[in-house]
Amino acid sequence: MKLFDVYPINDITIEKGLGSHVWDNHGQRYLDMYGGHAVISIGHSHPHYVATVSGQLATLGFYSNSIKIPLQEQLAQKLGAVSGKTNYQLFLCNSGAEANENALKLASFHTGRKKVIAFSRSFHGRTSLAVAATDNNSILAPVNETDHIIFLPFNDVAALTDCFKQQGNEIAAVIVEAIQGVGGINVASSDFIQCIRQMCTQYAAVCIADEVQCGYGRSGDFYAFDRSGETADIYTMAKGMGNGFPVGGIAIAPHILPRHGMLGTTFGGNHLACAAAIAVLDVIASEDLLSHAKEMGGYIIDSLMKIPGILNVRGAGLMIGFDVPAELKELRKALLNRKFIFTGEAKPNTVRLLPALNISKADADEFLTALKATISELTTTNPG
Ligand SMILES: Cc1ncc(COP(=O)(O)O)c(C=O)c1O
């Protein structure tokens with residue numbers, strides 16, 4: 001059987017990882033400024049993570065949600081404490097799309113309404129409602145088309161207020177990435193987040209912060225939405241939560257009441273997933289990774305701003321983007337093939353940096369030095 005051709009891929013086979021580095025099958029070492037797509041939060045093969053996950057596997061990998069799973073309670077406690085949301089409720093699932101799907105469904109159950117506001121350049125996943133709320137028609141199958149989603153321009157307070165004035169009583173939820181990832185590291189303004197919060201409160205709609213990529217400490221705050229001094233009703237999370245183990249979740253405000261049958265899952269919250277997620281939170285606390293992400297992110301952003309040739313440096317913490325002009329369009333490829341550095345991209349011309357939250361200054365400097373050298377090599381080859 002052949003593999004279904006899902007992505008355009010690099011001809012590289014990664015076999016081993018440690019911290020912010022990975023090695024291919026020829027022993028070549030790479031610096032991972034992409035974090036395996038924002039997934040590697042505490043570094044590859046972190047010893048505490050390896051010990052916790054392997055210890056759990058040797059004891060019990062899985063049993064169903066029909067029995068008590070104290071690891072889920074432990075995870076909920078730790079997550080509540082680190083995020084400052086001790087009175088929220090946790091529902092565990094397996095991926096980012098699933099987290100958003102459940103959040104949107106719950107908002108509709110809670111309000112009895114059908115309409116959802118999403119924004120231009122949003123990405124919320126590839127399942128039915130999540131993909132319908134994603135601003136990319138090319139990944140929308142005909143069966144996913146729906147009139148329930150209203151797309152508004154990102155960061156446009158007037159458009160949002162206007163929409164609520166006209167149909168606020170039909171809106172079940174607003175779903176927003178406080179820093180858009182796939183859309184190109186677009187940071188929501190504080191005014192915009194505050195307006196979303198205010199409109200949701202005024203019209204009793206559910207405010208959903210999609211923190212799948214920008215959350216879990218990536219921005220230097222646990223939830224990027226909270227950087228504006230506001231609180232969402234539901235936070236969705238995945239990527240960094242399990243450092244590579246598939247685990248997702250939604251944190252739900254106390255006024256949204258559960259009813260059996262609303263949500264459910266076979267694999268969500270299994271023993272191994274909880275062990276992985278607990279290990280990640282332990283390391284976030286013991287290595288003070290929120291402060292580290294803020295500090296290292298500030299250092300990288302300041303340094304990038306001084307590099308001639310790249311444009312529009314932006315982001316927060318270790319979620320950083322910059323644009324490359326046409327003459328440097330081969331920059332990512334050159335960084336990978338000549339300097340052995342993985343970076344992320346966003347169409348049409350953005351480089352996305354999403355390294356592990358505990359990246360060292362030496363690794364950040366290795367990246368910055370290689371970036372400067374590559375820009376200079378490409379400019380010499382391609383003047384003007
Ligand atoms: C903001 C955001 N939401 C949701 C998703 C979907 O997550 P998953 O691929 O785990 O379903 C992604 C994935 O890139 C994302 O960036």
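The expected span of a helix is 1.5 Å times one less than its number of residues. In this predicted model, helix H7 (residues 190–202) has 13 residues and spans 18 Å from its first C-alpha to its last, close to the 18 Å expected.

**Helix H7**
- The buried residues of H7 are Ile193, Cys195, Ile196, Arg197, Met199 and Cys200.
- An α-helix has 3.6 residues a turn, so residues three or four places apart point the same way.
- The cover over the buried residues of H7 includes helix H6 (157–167), strand S7 (171–176) and strand S10 (206–210).
- After H7 comes Ala204, with a positive phi near 55°.

**Nonpolar core**
- The largest nonpolar core holds 112 residues.
- Helix H8 (residues 271–286) supplies the largest share of this core, twelve residues.
- Ala173, Val174, Ile208, Ile234, Ala276, Ala277 and Val280 have the most contacts inside the core.
- Leaving out residues up to four places away in sequence, Val280 touches Ser41, Ile42, Tyr49, Met241, Gly242 and Asn243.
- In soluble globular proteins, nonpolar side chains tend to be buried together.

**Lys78**
- Lys78 lies in helix H3 (residues 70–83).
- Lys78 counts as partly exposed because it has 17 C-beta neighbours inside 10 Å, whereas a buried residue needs 20 or more and an exposed one has 12 or fewer.
- Beyond its neighbours within four places in sequence, Lys78 is in contact with Ile278 and Leu281.
- Lys78 and Tyr49 are 29 residues apart along the chain, and their C-alpha atoms are separated by 16 Å.

**Ligand shell**
- There are 14 residues around the ligand, and Gly96, Ala97, Gly125, Val212 and Gln213 come nearest.
- Helix H4 (residues 96–111) gives the most to this shell, with three residues.
- By class, the shell has five nonpolar, seven polar and two charged residues.

**Open sheet**
- Four strands make up an open sheet of mixed pairing, in the order S1-S2-S3-S15.
- Strands S1 (14–18) and S15 (341–342) each have a single partner strand, so one side of each is left without a neighbour in the sheet.
- S1 pairs with strand S2 (residues 21–24) in the antiparallel sense, over four bridges.
- Gly17 stands opposite Val22 in S2.

Methods:
Residues numbered from 1 in each chain as written. Predicted model: local features only at pLDDT ≥ 70, side-chain atom pairs only at ≥ 80, totals over all residues. Pairing = 2+ DSSP bridges. Helix = DSSP H or I, 4+ residues; strand = E, 2+ residues; numbered from the N terminus. Near = placed C-beta within 6 Å. Nonpolar A, V, L, I, M, F, W, Y, C, P; charged D, E, K, R; others polar. Contact = placed C-beta atoms within 7 Å. Core = buried A, V, L, I, M, F, W, Y, C linked by C-beta atoms within 7 Å.
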